[in-house]
Amino acid sequence: MRTADDRGFSGSHGKRAVIAAVCMLAGGLGGCASAHMIRVPAVTTGVGCQVPVPERDVLVGVALSGGGSRAALFAAAGLEALARLRTRSGASALEQVSYVSSVSGGSLAASYYALKKPPRDVPMLTPDGELTFAYRAFFEQARIDLSQDFERQMVIKQLLAFRWLNSFLFARSLSEVLRDRLLGDASMMDLSAREARGDSPGLIVNTTLYNNGRRLALTTLSPDAFRYDLLRDLRASLERRGRTADVSPVLVRGWESLWPLTPLDLQANPCPMSVAGGVTASASFPPVIGPITLQVGGPETYWHAGDGGLYENQGVESLVFLFLKRLQEGKVRRVLLLAFDGAFPFSVGDRRLNQRSEPFSLLSFDFSRVPSIMEERATTWRTLFFRGMQLEGVFPDDRTFRVIPLRHGDARWRDDVSDLPSECRSERPPLASPKDIVQRIAEIPTRLRVTSACDRALLATAAANLVDQHRDAILEPLDARETAGPPADPSR
């Protein structure tokens, strides 16, 4: 049974605007409500909401990045573009997706899709390759629902409930808004029932634990699903080249510390957890919103969960661990990972700061720049590490494990901008070149709202353009599954 507290853990990305709202409240009202930790039921016996990884020759995952409503709308449009992409067999590419992994704003779109998409027996495409009526209606409603001003509703709820200054209570307000206006009362148990029937892909909502700096993945998967043994493949790669190397215990512990944790690792029962609560936990950005304090029934241990983007903002890493483990076990032949990146470009802040002469102040400095600097460096090292392991033969090559980044800034636009959405034709100053369009999208702020119809249309068109640009690379492994033999030898 879920109480109001059990539904509560959540968060947001309207950082500077919410900071201003908090300061206004501090000056005008001077009040502060108290917060309490959220009690989570402990695991006493086996849980009933675990769903095993499906047995497939080609395992397909979609990662949806953080970035507030900008990322949510870009992600939803990306899913729709994949739905329209037809494989050789006539099925939709989106029907082949087994897992969606998300962070922050991307979690709004991922959870909406997992909970509300039509069931498995409803086809996505007609025999002519067009979206069916059911899916046209679904994606149209998704655009409407994800275009809501969640930020305004959160602040209103905060004021009306006299919660005022407390960041935990800002998180609770947002959780209630998402529950009431987007996701409903669905629990992880409800989600697992859809996954077990094949009505939706597996959902992985990523958060960050402040206690130990680990990733907490809210999912119906078991902890073991993510425990890929890098050192086993490293030793095998060295042996194939006639080399050996000692692996220190420090290296072993370091690698294991990168494995995503699940609620079961915390002895918490994931089944009654609120999907809306998990999504908002993924998006909480302290000190404005969250972190969320959880206490698992039994021992007095408290877990503090916050923005998944503080650990890794792309949603990719959980899928990498999951898929590498399946390849290592020889239970899958190939992997395709599509990463929709709707994050705020780091270079935008660079340009702004290059033109700024004033020192920082509380209301004029974008505090997201601090974790963005760390994320930029971490992402670079992560990419170099993955590619280096591929080149050394430790990780599978690009044909076996294909990762396709789909960044909104990489979308190509026609030189004459004839593909500019109609909603943007009357914009002033006009969007007269592809460079203008790319810059306009890059400047969409990270908020829990996108008020401009032009901006929403640009995000949707960018996602569709990206899928079209990468059509062949996406379809090749999906079409190849029709002639696939048995899975590859896990020893490679």
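# Notebook: a walk through a predicted model

**Entry 1, aromatic rings.** I searched the whole structure and found 13 aromatic pairs. For this search, rings of Phe, Tyr and Trp (its six-membered ring) pair if their centres lie within 6.5 Å, with planes under 30 degrees apart counting as stacked, over 60 as edge-to-face and the rest as tilted. One aromatic cluster is formed by Tyr228, Trp255, Phe321, Phe385, Phe386, Phe395 and Phe401.

I am reading a predicted model, where local features need pLDDT of at least 70 and side-chain atom pairs count only at pLDDT 80 or more, while totals for chains, interfaces and linings use all residues. Residues are numbered from 1 along each chain as its sequence is written, and side-chain values use heavy atoms, with hydrogens and water left out.

I noted 16 helices and nine strands in the protein. Helices (H or I, at least four residues) and strands (E, at least two) are DSSP runs, numbered from the N terminus. Of the 492 residues, 54% count as buried; buried means under 20% relative accessible area, exposed over 50%, and partly exposed in between (1.4 Å probe, protein chains only). I also looked at contacts (heavy atoms within 4.5 Å). Among those with a separation of 6 or more, residues 24 or more positions apart account for 81%.

I turned to S2, residues 58-64, and found seven of its seven residues buried. In a regular strand the side chains alternate between the two faces of the sheet. On one side of S2 sit Val58, Val60, Val62 and Leu64, on the other Leu59, Gly61 and Ala63, and all of these are buried. Which strands pair with S2? I found S8 (residues 334-341), parallel to S2 over seven bridges, and S3 (residues 97-103), parallel to S2 over five bridges. Two strands pair if DSSP finds at least two bridges between them. Valine 60 has leucine 336 in S8 as its bridge partner, and leucine 64 has serine 102 in S3.

**Entry 5, strand S6.** S6 covers residues 292-296, and five of its five residues are buried. I checked both faces: Ile292, Leu294 and Val296 on one side are buried, and so are Thr293 and Gln295 on the other. S6 pairs with S1 (residues 38-40) in the parallel sense over three bridges, and here valine 40 stands opposite valine 296. S6 also pairs with S7 (residues 302-306), in the antiparallel sense over four bridges. In that pairing, leucine 294 stands opposite tryptophan 303.

Two packed helices are described by the angle between their axes and the distance between the axes. I looked up H3 (residues 105-116) and H10 (residues 275-283), whose axes come within 9 Å and cross at roughly 160°. Axes are lines fitted to C-alpha atoms, for helices over the stretch in contact, and angles run from 0 to 180 degrees between N-to-C directions. H3 and H10 are therefore roughly antiparallel (under 35 degrees counts as roughly parallel, over 145 as roughly antiparallel, 65 to 115 as roughly perpendicular and the rest as oblique). Ser107, Leu108, Ser111 and Leu115 in H3 meet Val275, Val279 and Ser282 in H10.

I stayed in H3, where alanine 109 lies. Is alanine 109 buried or exposed? Alanine 109 is buried, at a relative accessible area of 3%. Leaving out residues up to four places away in sequence, alanine 109 touches Ala72, Ala75, Ala76, Leu79 and Leu146. Alanine 76 is 33 residues from alanine 109 in sequence and 5.5 Å away in space, C-alpha to C-alpha.

I counted buried residues in H6 (residues 167-183): 15 of the 17 are buried, so H6 is largely enclosed by the rest of the structure. Glycine 184 follows H6, with a positive phi near 75°.

Asparagine 313 sits in the loop between S7 and H11 (316-328), and at 14% relative accessibility asparagine 313 counts as buried. Beyond residues up to four places away in sequence, asparagine 313 touches Ser65, Gly66, Val103, Ala343 and Glu375. Alanine 480 belongs to H16 (residues 471-480) and is partly exposed, with a relative accessible area of 22%. I found alanine 480 and arginine 334 to be 146 residues apart in sequence and 9.7 Å apart in space, C-alpha to C-alpha.
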